[in-house]
Amino acid sequence: MADEPRRPYSSPLREEQARTTRDLILDALVDLLADRRADEVTTREIAERARVSQPTVYRHFPDRTALLEGMTARVNELANETAGGFADASVDDIGPRIAWLFETADEFAVEMRAEALLNADPRRFSADTQRHSAEMLAVVAAAFPELDARRHAQITGLLRCLGSAQSWLRQREEFSVPGVESGPITRWAVDTLIAAVRRGELADLEPEPTRGQP
């Protein structure tokens, strides 16, 4: 009789140990990002801070994208929701959701800051960031069918910038405005923009000719 294929072995203890190791690595990354840029942190430093080997770091997080996904998952877990997803939202939900996220972020500011720094490179946005952008674009397109795809992209891009973790971080660290304050004022900016689009005022914002053109 031919040997049966080996079944994958699953152990609750082993899974718990793996989760603990992942948490140690992410804790180390958070600590290192407290006063460093994301591109300055090396895998060797993460391993030393976490008290694990470099191969262990690579086994759990083989590249920067995996580290970002791990940090994003941690932020999502702390926020107790999908960090501002818009799949079931209307355009009028965007402002309140951004305000909620900014205010909630103050409760886990260290992790949120680390995630914002890791997610700052537009060439390497996390899967969640890309998904949320696509969801918001769909919401904007549904709310303003009279506008073309270019306008939808412009509006969504601005809304995403206003509601980004980087916006929360800059207001907090450069201007000493915590999320409990930046949330409401960012919601006001979002609601003001949406109201202006509804009034048709965006039609006046045509690009000016480049210098030297008639």
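Predicted model: local features only at pLDDT ≥ 70, side-chain atom pairs only at ≥ 80, totals over all residues.
Biologist: What elements make up the protein?
Modeller: There are 10 helices and 0 strands. From the N terminus on, the order is α-α-α-α-α-α-α-α-α-α.

Biologist: How many of the 214 residues count as buried, as a percentage?
Modeller: The share is 40%. To count as buried, a residue needs a relative accessible area under 20%. The protein still exposes about 13300 Å², and carbon and sulfur atoms supply 53% of that.

Biologist: What is H152 in contact with, leaving aside neighbours within four places in sequence?
Modeller: H152 touches L137, V140, A141, F144 and L147. Each of these has heavy atoms within 4.5 Å of it, as contact requires.

Biologist: Where is E107 relative to L78?
Modeller: The two are 29 residues apart in sequence. In space they are 8.7 Å apart, C-alpha to C-alpha.

Biologist: What makes R198 buried, exposed or partly exposed?
Modeller: Its relative accessible area is 48%. Buried needs under 20% and exposed needs over 50%. The value falls in between, so R198 is partly exposed. R198 lies in helix α10.

Biologist: Which residues does R198 contact, leaving aside neighbours within four places in sequence?
Modeller: They are V91, D92 and F144. The C-alpha atoms of R198 and A143 are separated by 9.1 Å, though the two residues are 55 apart along the chain.

Biologist: How do you know whether α5 and α10 are roughly parallel or roughly antiparallel?
Modeller: Their axes cross at roughly 165 degrees. Angles over 145 count as roughly antiparallel. Therefore α5 and α10 are roughly antiparallel to each other. The axes come within 7 Å, and the crossing is right-handed.

Biologist: Which residues meet where α5 and α10 touch?
Modeller: From α5 they include I94, I98 and F102. From α10 they include V180, P184 and V190. By class, the contact of α5 with α10 has 8 nonpolar, 5 polar and 3 charged residues.

Biologist: What makes α6 largely enclosed by the rest of the structure?
Modeller: It has 10 residues, and 8 of them are buried, so the rest of the structure largely encloses it. The buried ones are A109, E111, M112, R113, A114, E115, A116 and L118.

Biologist: Which helices do the buried residues of α6 pack against?
Modeller: They pack against α1, α4, α5 and α9.

Biologist: How do α4 and α6 pack?
Modeller: Helix α4 spans residues 64-79 and helix α6 spans residues 109-118. Their axes are 9 Å apart, at an angle of about 145 degrees. The crossing is left-handed.

Biologist: Which residues join α4 and α6?
Modeller: In α4, they include L67, L68, M71 and L78. In α6, they include M112, A114, L117 and L118. The contact of α4 with α6 has 9 nonpolar, 1 polar and 4 charged residues.

Biologist: What share of the contacts join residues at least 24 apart?
Modeller: Among contacts between residues at least 6 apart in sequence, the share is 72%.

Definitions and conventions
Residues numbered from 1 in each chain as written. Heavy atoms only, no water. Axes fitted to C-alpha atoms, helices over the stretch in contact; angles between N-to-C directions. Helix = DSSP H or I, 4+ residues; strand = E, 2+ residues; numbered from the N terminus. Left-handed = near helix turned anticlockwise from the far one by under 90°. Nonpolar A, V, L, I, M, F, W, Y, C, P; charged D, E, K, R; others polar. Parallel < 35°, antiparallel > 145°, perpendicular 65-115°, else oblique. Buried < 20%, exposed > 50% of the residue type's maximum accessible area, 1.4 Å probe, protein only. Areas by Shrake-Rupley, 256 points an atom, 1.4 Å probe, with all protein chains shown as cover.
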